[in-house]
Amino acid sequence: MKVVIAEKEEAARRIADLLGGFREIEENGVTYFAGGDYVIVPARGHIINSTIRGLRQTTSLDELPKLEVAWRVEESERNRYMVFRRLVKEADDVIVATDWDREGEVIGYNIVRFTRRIKNPSRIKRAYFSSLTLGEVKKAIEEPVPMNEALLTQGLARNIADTIIGLNLTKALTLLFKQKYPNLTQAVTLGRVQSPLLAYIKKKTGAYIERDNHISNLSYIEKKLYIDLGDKQYELKLPVEPINDYVEVVDVNVAESLLPQAEKLFNTDDVMRASKISPGATMSIMETLYLKGYLTYPRTTSRYVRNPEFLAEIEREIRKYYELPESFSWRNTPVEPVEEAHPDAILLTPEGIRAYFEGRIRGREKFIATIVLARTIRSFAPPLKKKVIQLRVRYEGVSGVVEETVPWSEEYENVNEAISLVSFTRKPVPTPGRYRVIKITSPIEKVTSYGAFKSYVSVLSDTDLVSWMADVGIGTEATRQIFPSLLRDERHNYTDENNLPRTLGEVVGEIIEKELKISPSLTSRMEKHINSLKRLSELEGFIEEVAEYTRQLIEKMKAINIPDLTCPRCNNKAELVNRYSRQLRRNMLLLYCGNCKKYYEI
Ligand SMILES: [Zn+2]
């Protein structure tokens, strides 16, 4: 018997459906699928998580940082872990078939290393597939390959760095806040990726009035030269002014060139930017499409397709439903080479294309599917055939006879195949000969005034935040979209539904920026370092670096004074407290004023 580890239940069910002949089994509340020689067992994301030993008992900043990382089965996943352990013990073979990314690698690795005691990734069998379609899944499971050590190392490194930095800094900040506000029950969190994001929000949101009545004066003389083609005159740009009122066109040159216009395929960041809905919703829709086998794996940096035949198949499928010009072809799709072992760019699978055109993809899903499909078609676009017409002109300038080739006009032969705005002006082309020219000189006085007392309001959407994170290189394509909503949730209370900082967000944002000086560039340097790791043996050195970074930050934290918060009504010092709101059914962060004997929302 072979145990196949899937990422989650929907994926396991889909794999079972594709391979066929499986029955559903339930054991202690855990659902899995058995058929033939296989048992497919779903994880539920990380059922084994990293934590720091001894942190809960810590009562003083002097005891920090704590650096001993321990792996622990999540309390809620005990049953699932026991099912895995029993099945793995009975199995001849275990195949990791989690999602194809760093997280998937870590999820599979942890289950295998703790249930089967195999630590060497080259001895772990791995099924990699880019879409949940029969061809891909069957081949991947029947012909597994060794686990990718680089991907695994990077996943573990990110996990460990987040744990060491996040848990230690959060503990330290929480201790500082509780010294000042003993009735505060929520943790006040800092995180490797969330903290630079919060500082950015604090810096970039706000409103202000600006007085600016800047006036600019510009005066210059514009000289233009026109060539007279009988009934009409056209502008001619010459490097030197002719002294006579005629020029000679000696020759006409036509240069033809091919202008590539096909666009690259989309990766995760691209879809997030292109969709007009929030990154969180975009990701959840893509996930649904993936689990139905309609979309390739949606967490990817790749704009590449490993197997060209797959792209050819997609083109053939689109042609069955959609009239694509003959010149549009998968051969035109720009190829961006990518590190080996990486999933494909985001594409509708042939099955997805059928579902799309047969009306089985609807509503929100259709929205995202359309964006992806349109991009794929645009990637097929042929190059534009551009014709540049130049004139060879001879005339007399102040210092003698000048002969120059000057631009005249441009045209596109296949303008009907353009996929973006293309514009040009049609002009008659003069034949060689002598032509009269007309010179016009006009002095220009230009005064521009920029109006005064403008108000600016700067608000950031989730998409702005996720795009910024991608631009500066913090977080990964798989995780970025969770951070805006994370800062809003009741465990953090840092921002509101418009991504405006709440009081606590202001205070903590200021600490991150001014005291800890956690900059996005520092964080992005660590991301780059993580992505360069190739072997598990490099982890030790990396962890030492993370530990040193954490030590430095804890040192800085010892000097921090948590600011006073004052009552909005009487301005006396107020207390920061948590209260559970029965009405809202959530934990709220409130200010309590002992003077007014009142709670205020902040
Ligand atoms: Zn008061």
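Mentor: Helices are DSSP runs of H or I with at least four residues, whereas strands are runs of E with at least two, and both are numbered from the N terminus. The model is a predicted one, in which local features need pLDDT of at least 70 and side-chain atom pairs count only at pLDDT 80 or more, while totals for chains, interfaces and linings use all residues. Residue numbers start from 1 along each chain as its sequence is written.

Let us begin with the whole. The protein contains 16 helices and 21 strands. Its C-alpha trace spans about 95 × 75 × 50 Å along the principal axes. The radius of gyration is 32 Å, whereas a compact globule of 602 residues would have one near 25 Å; the radius is taken over C-alpha atoms, and the globule rule is 2.2 Å times the number of residues to the power 0.38.

The domain assignment lists domain 1 (2-147), domain 2 (156-204 + 460-561), domain 3 (215-258 + 387-449), domain 4 (268-379) and domain 5 (564-602). Such bounds come from an automatic or database domain assignment. Between the centres of domain 1 and domain 3, taken over C-alpha atoms, the separation is 69 Å.

Now to the strands. Strands of a sheet pair through backbone hydrogen bonds, either parallel or antiparallel. Here, two strands are said to pair if DSSP finds at least two bridges between them.

A loop between strand 5 (48-52) and strand 6 (69-73) holds Pro 65. The peptide bond joining Leu 64 and Pro 65 is cis, with omega of about 0 degrees.

The next pairing is a hairpin. Strand 14 (residues 384-397) runs antiparallel to strand 15 (residues 400-412), and twelve bridges join them. Two residues lie between these strands in the hairpin. Tyr 395 has Val 402 of strand 15 as its bridge partner.

Another open sheet is built from four strands in the order 18-19-20-21, and its pairing is antiparallel. Strand 18 and strand 21 (598-601) are the edge strands, each pairing on one side only. Strand 18 (residues 565-566) meets strand 19 (residues 573-581) over two antiparallel bridges, and Leu 565 stands opposite Ala 574 of strand 19. Six residues separate the two strands of this hairpin, and Asn 571 in the turn shows a positive phi of about 70 degrees.

Strand 19 continues the sheet through strand 20 (residues 586-593), to which seven antiparallel bridges join it. Among the facing residues are Asn 578 and Leu 589, while Leu 576 has Leu 591 in strand 20 as its bridge partner. This hairpin has four residues between its strands, and Arg 585 in the turn has a positive phi of about 55 degrees. A positive phi occurs elsewhere too: Asn 493, a residue other than glycine, has a value near 55 degrees. Asn 493 lies in the loop between helix 13 (483-488) and helix 14 (503-516).

Finally, a helix contact for orientation. The axes of helix 5 (residues 149-180) and helix 15 (residues 520-532) come within 8 Å and cross at roughly 145 degrees; axes are lines fitted to C-alpha atoms, for helices over the stretch in contact, with angles from 0 to 180 degrees between N-to-C directions. In this contact, Gln 154, Ala 157, Arg 158 and Ala 161 of helix 5 meet Met 526, Ile 530 and Asn 531 of helix 15, contact meaning that C-beta atoms, placed from the backbone, lie within 7 Å.

Methods: Two residues are in contact if their C-beta atoms, placed from the backbone, lie within 7 Å.
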